[in-house]
Amino acid sequence: ENSNLHTISPEMPAMFDGMKLAAVATVLYIIVRCLNLKSPTAPPDLTYQDTALNRFLLKSCSQMTKEYVPPLLWGKSGHLQTALYGKLGRVSSPHPCGIRKYLPMHDGATATFDLFEPLGDHQTGDEITMVICPGIGNHSEKHYIRTFVDYAQKEGYRCAVLNHLGALPNIELTSPRMFTYGCTWEFASMVGYIKRTYPKTQLIVVGFSLGGNIVCKFLGESRANQERVLCCVSVCQGYSALRAQETFLQWDQFRRFYNFLMADNMKKIILSHRHSLFGESSPKKFDADLSRLYTATSLMQIDDNIMRKFHGYSSLKEYYEKETPVDVPLLLVNSADDPLVHDSLLAIPRTLAAKKPNVIFALTLHGGHLGFFEGDVLFPQPLTWMDKVIVGYANAMCQWEKQKPPCQSAHLTGSSCFEAKA
């Protein structure tokens with residue numbers, strides 16, 4: 001019996017060691033897969049027509065042609081980039097000093113935006129204002145906006161940042177309406193104020209996420225909206241709101257879960273203004289509206305039951321879709337691992353950039369949704385690739401305009417600027 005015990009016991013530790021090794025290997029495999037550690041780094045994939053302007057922009061804005069290198073340990077996971085942006089916004093976020101402006105609207109609403117003056121001269125010596133539209137339910141106090149504004153101010157730009165109607169917790173609504181996907185009224189009001197107050201300023205339009213949809217829609221609504229606009233930059237927009245909402249009901253990339261979180265955040269904003277939004281309706285309708293809101297588990301349900309009715313739209317299709325042409329130089333930026341923007345939606349900007357000479361589409365391998373953190377191994381830098389590429393593109397556009405090439409203005413589409421060169 002003893003000899004049997006002696007022959008078995010040395011094999012037991014070996015078996016446990018083997019199990020431990022297998023467990024460690026499994027954990028490492030999961031980490032490598034989840035963190036996407038084997039994924040390469042690369043420059044953005046660019047779609048554009050070969051024109052004099054586009055060649056100049058790509059030569060002048062090095063971020064668009066250089067490798068984007070995210071932090072090694074976690075930066076190749078779109079989910080972690082998105083979560084870090086969502087929870088922290090940015091690291092070491094600055095506190096730019098601005099003045100809050102209040103604009104009365106025709107329907108009794110009060111739009112607000114924050115105005116930040118430049119902290120130095122622009123490299124061209126010109127007066128340039130960035131008009132900025134943040135993402136869904138966001139405002140000028142969000143960390144990613146503060147970081148971008150501080151950087152733009154230091155580069156000589158005045159910045160005007162829209163606070164989406166109802167998004168600021170300490171500002172009461174003055175009418176039964178809050179921000180919605182399809183509405184450009186508040187952004188138009190801010191841009192109008194800037195044009196009137198600074199008659200010599202030229203504009204650079206910037207939109208983040210949902211804000212990208214709004215600024216592109218605003219520019220396309222009339223030719224007058226494109227006057228004095230040098231260019232537009234849109235980062236991480238989903239392009240077709242109706243198709244984007246349909247993809248949010250799918251589980252791949254955990255989009256259904258993100259949809260639930262965003263719907264929950266939207267509910268909180270609506271409920272914080274419930275008396276302004278629903279207070280004038282009958283008690284029965286008030287209860288019915290709140291009941292529909294409480295039971296909604298997706299943004300689409302909230303939009304269909306509550307949001308579109310603020311503007312009198314009869315259907316979600318009418319609320320979401322109003323396709324409009326934009327003729328100013330347009331940079332569209334997305335990340336291939338953005339968990340909120342389905343891969344099928346990226347065919348829209350890719351096709352647009354291939355067809356229209358004024359559009360460049362830049363698709364990074366990594367970056368998540370509004371993450372785009374840069375860094376070596378673990379700790380990200382305060383400034384992101386996104387901040388640098390927007391300002392770099394804007395600087396290049398201002399230089400082009402200053403040089404006065406054969407065409408008088410970069411966004412006259414009949415001009416030689418947009419003629420493809422052999």
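Good morning. Phe113 is buried, and Tyr193 is buried as well; buried means under 20% relative accessible area, exposed means over 50%, and partly exposed lies in between, with a 1.4 Å probe and protein chains only. Please note that this is a predicted model, in which local features need pLDDT of at least 70, side-chain atom pairs count only at pLDDT 80 or more, and totals for chains, interfaces and linings use all residues. Residues are numbered from 1 along each chain as its sequence is written, and side-chain values use heavy atoms, leaving out hydrogens and water.

Let me turn to the aromatic rings. A pair of aromatic rings is described by the distance of the centres and the angle of the planes. Rings of Phe, Tyr and Trp (its six-membered ring) pair if their centres lie within 6.5 Å; planes under 30 degrees apart count as stacked, over 60 as edge-to-face and the rest as tilted. By this rule there are 10 aromatic pairs. Phe113 belongs to strand E3 (residues 110-116) and Tyr193 to helix H6 (residues 185-197), 80 residues apart. Helices (H or I, at least four residues) and strands (E, at least two) are DSSP runs, numbered from the N terminus.

Tyr144 and Phe208 also form an edge-to-face pair, at 5.5 Å centre to centre and 90° between the planes. Because Tyr144 lies in helix H5 (residues 143-154) and Phe208 in strand E6 (residues 202-208), this pair ties together parts that are 64 residues apart in sequence. Both Tyr144 and Phe208 are buried.

Which residues does the UniProt annotation "active site" cover? The unreviewed entry lists Ser209, Asp338 and His369; such annotations may be inferred rather than shown by experiment, and UniProt positions are given in the numbering used here, with feature names shortened. These residues span 161 residues in sequence, yet no two of their C-alpha atoms are more than 11.0 Å apart, so they gather at one spot.

Ser209 is placed in the loop between E6 and helix H7 (210-221) and is buried, with a relative accessible area of 12%. Its contacts (heavy atoms within 4.5 Å) include Gly135, Cys236 and His369, not counting residues up to four places away in sequence. Asp338 occupies the loop between strand E8 (330-335) and helix H14 (347-355) and is buried at 3% relative accessible area. With that same exclusion, Asp338 touches Cys236, Gly368 and His369. Thank you.
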